[in-house]
Amino acid sequence: MDTSVGHILGSVDRHGELARHSIAEMTGLTRATVSKAVRVLLEKGLVFETERTQASSRGGPRPILLTINPRALSFVGLDIRREKITGALIDLRGAMMASTSRRLQIGVPTKIILDAIDSILSELASASESPTAGIGIGSVGPIVPQKGMLRSRHFTELNGVPLVERLEQAWGVSVDLQIGAVAAAHGEERLMRTPDYLPRSIAFVVIDYAGIGLGLTSGGEGWITEHGGVGELGHVSIDMNGRPCSCGRKGCLVQYASGRALLQELKADLSEDAGAVLSRVAERAREGESLARESLLEAGEYLGHGLVDVDRLLRPEHVVIGASHDFMADWYLKGASRYIGRLPEAADERRLSDRLHVASMGSTAIAYGAAALQLKKFLHAPGGIIDRMPLIARDQPASQETSFPFAGGI
Ligand SMILES: [Zn+2]
């Protein structure tokens, strides 16, 4: 498959709809090459032709525009963490079609975690109206990407399990493993961009029960450390004489702002499902309970302290807060804003408070991002998948296409 097909799909994806001559101008390809590649895309049902309703201002015939057929393919993303697994299904335009999650009791055996993953994938496969071309996994780190495995210090149950290979064999599609926070930053980048704007850099902060991670993208590329992890924002110390941390230092942010620190502050009963307890705390705060509200705001203030350090160090264009449970990120943002609001403003720069917001996709941000990365990979190099797609009769709507040679029906 010619690489021009990928360039063309990428341009149409970015702009929503484009005429053939605009594609030629943008990609630098000849009109003949564009026409030939577009014919393949039409035959495979990946794009539609639509007629612009208004004639061009310069007169002449109305141009035929090309737009991506959202139902031609779908992509699945998984967010794997110790208290919860979340799955998302997106279409070929990157719109969320379905999401689902399974809560896990912390420390459950490996088989229960794998069963939860399979159950999520089955549910999303049956929700999808179009063939799924790839599964992306965003997990806690560190990971061994080339082996498709986790090697987490805190979430050890999946360490050594060949997760990528297992899912590829079961579902017959390409599977990739990425750090969840990095996947989420990629997802946010897709949601923020417009035809004329691409975020230069995004720092995505993920807060869950056990930790606080930091995923970075810069110029569209994710950043991962040489040990297969991301920035451990949770282990940045905010007080050298502060609370002792398992890493050997004192005053680490995770001891003040993680879900676990929050529950300890609230003296919550930790014998039951920690994820469920965390969800209830956010719910109680929303209903106006002052203890839950103040504890969340205080955790957010500590997070704000850490975010200012991130900002001083990296100056990302956007700082995004995401949490593993609904409504939590909003409270963290409120608390962080309270802290940041007390600082003197730098007059000559865009203030952090103007660049700070919560994840657009809420608690499904990582799963969405992992799916969006699969979509990005397809748009970059669509050849292998397009070759496996059946031809569509020109007089038949593309949405009627049903068969696809992927095993497992996804
Ligand atoms: Zn620490």
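Two strands pair if DSSP finds at least two bridges between them. Strands (E, at least two residues) and helices (H or I, at least four) are DSSP runs, numbered from the N terminus. Keep that in mind for F204, which stands opposite G215 in β12.

Some ground rules. This is a predicted model, where local features need pLDDT of at least 70 and side-chain atom pairs count only at pLDDT 80 or more, while totals for chains, interfaces and linings use all residues. Residues are numbered from 1 along each chain as its sequence is written, and side-chain values use heavy atoms, with hydrogens and water left out.

Now the sheets. Strand β11 (residues 201-207) and strand β12 (residues 212-218) run antiparallel, joined by 7 bridges. They belong to an open sheet of 5 strands, ordered β13-β12-β11-β14-β15, with mixed pairing. At its edges stand β13 (221-223) and β15 (356-358); each has a single partner strand, so one side of each is left without a neighbour in the sheet. From one strand to the next, the twist averages 25°. Those angles run from 0 to 180 degrees between N-to-C directions, with axes as lines fitted to C-alpha atoms, for helices over the stretch in contact.

Another open sheet has 3 strands, in the order β1-β3-β2, with antiparallel pairing. Its edge strands, β1 (17-19) and β2 (47-51), each pair on one side only. Here the twist averages 35° from one strand to the next. β2 is joined to β3 (residues 64-68) by 5 bridges. In that pairing, E49 stands opposite L66.

On to the metal. Which residues are the protein donors of the zinc ion? They are H235 (ND1), C245 (SG), C247 (SG) and C252 (SG), lying 2.1 to 2.3 Å from the ion. Donors are N, O and S atoms within 2.8 Å of the metal (3.2 Å for Na, K and Ca); water is not among the atoms, so sites may look incomplete. In sequence, the spacing reads H-x9-C-x1-C-x4-C. H235 and C247 both lie in the loop between β13 and α7 (254-257), so the pair ties together parts that are 12 residues apart in sequence.

Are these cysteines buried or exposed? C245 is buried, at a relative accessible area of 10%. C247 counts as partly exposed, at 41%. Buried means under 20% relative accessible area, exposed over 50%, and partly exposed in between (1.4 Å probe, protein chains only).

Last, disulfides. The structure holds 0; the cut-off is a pair of cysteine sulfur atoms within 2.5 Å.
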